[in-house]
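Here are my notes for a colleague who is opening this entry for the first time. Please keep the sequence and the model side by side while reading.

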Amino acid sequence: MSVSKQEAAKAYWKDNLRLMLTLLAVWFAVSFGAGILFVDQLNAIQFFGFPLGFWFAQQGSIYVFVLMIFFYVWKMNQYDRKHDVHEE
Amino acid sequence: MDTQTLIYLFVGATFALYIGIALWTRAGSTSEYYVASKGVHPILNGMATGADWMSAASFISMAGIISFIGLDGSVYLMGWTGGYVLLAMCLAPYLRKFGKFTVPDFIGERYYSQTARLVAVVCVIFISFTYVAGQMRGVGIVFSRYLEVDINTGVVIGMCIVFFYSVLGGMKGITYTQVAQYCVMIFAYMVPAIYISMMITGNPIPQLGFGSEVVGTGQSVLERLNGLSTELGFATYTDGSKSTIDVFFITMALMVGTAGLPHVIVRFFTTPTVRAARLSAGYALLFIAILYTTAPAIAAFARINLLSSIPETSYSEAPQWVTNWEKSGLIAWLDKNGDGKIQYGPGAPFAGAPTFGPERGVNGERMVTNAPSEAATELYVDRDIMVLANPEIANLPGWVVALIAAGGLAAALSTAAGLLLVISTSISHDLLKSNLMPNISEKKELLAARVAAGVAVVVAGLFGIYPPAFVAQVVAFAFGLAAASFFPAIVMGIFSKKMNKEGAIAGMVVGLAFTFSYIVYYKFIFPTAGPADWWFGISPEGIGTLGMIFNFIAAIAVSTVTAAPPEHIQHIIEDIRIPRGAGAAIDH
């Protein structure tokens with residue numbers, strides 16, 4: 001790899017890690033946070049006929065997981081082009 | 001047409017479809033056999049991954065389990081979906097870029113070590129066999145319930161079908177059959193779910209009906225469920241009874257274990273590009289989520305139906321499905337107080353599954369020979385009822401029952417085939433080609449893969465016919481071991497340039513040994529142990545999480561005091577981190 005390409009790869013990796021860690025924080029918050037650690041507190045709140053903690057544990061976390069992956073795909077495709085490392 | 005004829009028709013038609021697809025997609029090269037030539041469209045790969053992932057247990061048992069444990073059932077819902085987030089972001093794109101065929105391939109090359117590869121091969125085979133034994137049993141059970149053959153005949157029929165398309169078609173055949181199986185499975189799951197949701201809440205979408213009011217009561221589904229549960233002495237549905245730390249550890253072990261299961265990972269080797277690998281993880285989870293968000297709704301509806309229609313009803317007036325499923329032994333009633341009415345409450349009416357005597361009781365019920373327990377409850381309900389009896393509960397026509405039969409078989413067969421392929425690949429590719437016989441020709445390797453798949457089918461079938469008494473106990477193994485071995489090794493292989501072979505091997509060995517001995521100790525040597533005996537209150541199901549943490553610690557500690565990985569490994573890592581170049585043909 002040439003020097004400029006190496007620089008690009010480094011910057012790409014940094015963007016990628018930042019995105020990944022942010023999304024992992026969300027992943028943790030909706031499942032382990034809302035669905036497990038704080039489930040009792042959140043259950044005091046009603047949300048469209050569900051206690052909120054219960055909804056996160058059995059429905060909401062799964063919806064967020066799906067949306068998160070598609071967001072990741074979309075964002076990574078942008079990064080691929082931005083740093084010129086996309087597939088031909 | 002009567003229901004039985006319809007079942008034969010549906011099951012026969014779907015089997016013909018699977019075999020047709022297998023003939024049409026025969027594999028001609030090892031690349032086709034192992035990874036379908038890396039030419040699978042992301043949406044199709046997503047469906048195939050969904051079918052691969054959702055087993056007979058997801059299809060038949062999961063809603064029932066949740067139905068009986070309420071909030072605690074969330075560990076399965078979150079645990080078996082959250083792993084795909086890890087797969088999509090931490091594993092799939094990089095493994096696709098790496099571009100070989102198997103997980104041991106990656107471990108062996110990244111850690112420049114045949115020992116590491118061998119450790120990985122042993123884990124793959126152990127994990128996959130553990131898993132496949134349960135699937136073959138599942139095939140047998142579905143057959144025996146619907147086709148009126150005994151379980152063993154069912155297992156043999158299932159073996160023949162799987163043998164046919166996994167041996168012939170390899171990954172290519174399996175992928176396209178799994179796409180068909182996904183469609184059959186999801187249709188079969190959703191039709192009764194939609195009808196039941198309409199019947200109970202008036203809302204046709206189960207996920208929304210779950211939060212709506214129960215028709216004619218003015219209470220929401222969950223309020224009604226909590227009310228009924230409390231009335232009958234059960235724990236409230238929306239509160240858990242497991243400790244928070246245990247729920248946390250089990251969920252984590254299932255998520256990380258999912259991301260580390262070889263038959264799931266290998267699906268992402270089949271996409272044409274890195275982009276497609278990421279996207280296909282998204283589609284896979286989307287297709288899985290359709291079933292996984294419906295299951296808790298079905299669980300709640302079925303529970304309401306059970307609790308509001310059964311207790312204090314006299315046996316002679318009980319709904320038709322009660323007597324129907326009593327015939328197959330999934331429901332049993334023991335009139336302890338002799339009042340002719342069904343009492344239903346917490347606890348078990350007797351120990352274990354019911355055994356029936358030849359005679360009938362005074363109310364016409366099948367007489368149970370089990371000794372009654374202390375509890376006042378008189379009703380035994382197998383958890384699988386919650387899905388199997390749905391069509392009857394909702395008064396749906398016979399073809400829906402037939403659909404469920406075909407769906408259950410699709411779920412069991414698709415998972416079994418995916419696992420068998422992984423086993424055969426690790427024998428022919430990782431063990432023979434990469435280790436014992438590096439000069440083997442491609443033609444011979446392909447033959448070896450087919451022979452290995454054939455042998456694996458037979459072994460799995462034997463496990464199904466003579467299930468080791470511990471089958472139900474060892475599922476914890478598959479997830480725990482995958483979490484404690486592969487996941488950390490692969491993640492560090494991608495995200496750390498400093499991780500070397502000494503560290504990775506030490507980590508895998510520590511993680512595996514710890515998890516394995518903890519599960520063996522608390523499941524087999526000391527099975528009466530409860531939360532008070534477990535380390536920090538972590539059950540064997542959740543211990544893989546701790547094993548994973550030990551793996552990371554051991555690996556990092558050892559790698560800091562041993563030599564850094566060689567130069568060419570650094571290049572491999574730099575290369576897998578960027579997508580460009582993945583499309584290039586990869587030969588081995």
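1. Throughout, a residue is called buried if 20 or more other C-beta atoms lie within 10 Å of its own, exposed if 12 or fewer, and partly exposed in between, with C-beta atoms placed from the backbone. Helices (H or I, at least four residues) are DSSP runs, numbered from the N terminus. This is a predicted model, in which local features need pLDDT of at least 70 and side-chain atom pairs count only at pLDDT 80 or more, while totals for chains, interfaces and linings use all residues. Residues are numbered from 1 along each chain as its sequence is written, and chains are lettered from A and ligands numbered from 1 in the order in which they are written.

2. Helix 20 of chain B, residues 486–495, is mostly covered, since nine of its ten residues are buried; among them are B:Phe486, B:Phe487 and B:Pro488.

3. Helix 8 (residues 151–201) and helix 13 (residues 274–309) of chain B have axes, that is, lines fitted to C-alpha atoms over the stretch in contact, that come within 10 Å and cross at roughly 35°, the angle running from 0 to 180 degrees between N-to-C directions. Residues are in contact if their C-beta atoms, placed from the backbone, lie within 7 Å; the contact includes B:Tyr182 and B:Ile186 of helix 8 of chain B, and B:Phe287 and B:Ile298 of helix 13 of chain B. The residues of this contact divide into 14 nonpolar, two polar and no charged, where Ala, Val, Leu, Ile, Met, Phe, Trp, Tyr, Cys and Pro count as nonpolar, Asp, Glu, Lys and Arg as charged, and the others, Gly among them, as polar.

4. A nonpolar core is a set of buried Ala, Val, Leu, Ile, Met, Phe, Trp, Tyr and Cys residues joined through C-beta atoms within 7 Å. The largest such core has 227 residues, and those touching the most other members include A:Ile69, B:Ile298 and B:Ala416. Helix 13 of chain B supplies the largest share of this core, 22 residues. Leaving aside neighbours within four places in sequence, B:Ala416 is in contact with residues including B:Val132, B:Val162 and B:Ala460.

5. B:Trp80 belongs to helix 5 (residues 74–98) of chain B. Why does B:Trp80 count as buried? B:Trp80 is buried because 23 other C-beta atoms lie within 10 Å. Apart from neighbours within four places in sequence, B:Trp80 is in contact with B:Leu254, B:Thr258 and B:Tyr292.

Key. Helix = DSSP H or I, 4+ residues; strand = E, 2+ residues; numbered from the N terminus. Contact = placed C-beta atoms within 7 Å.
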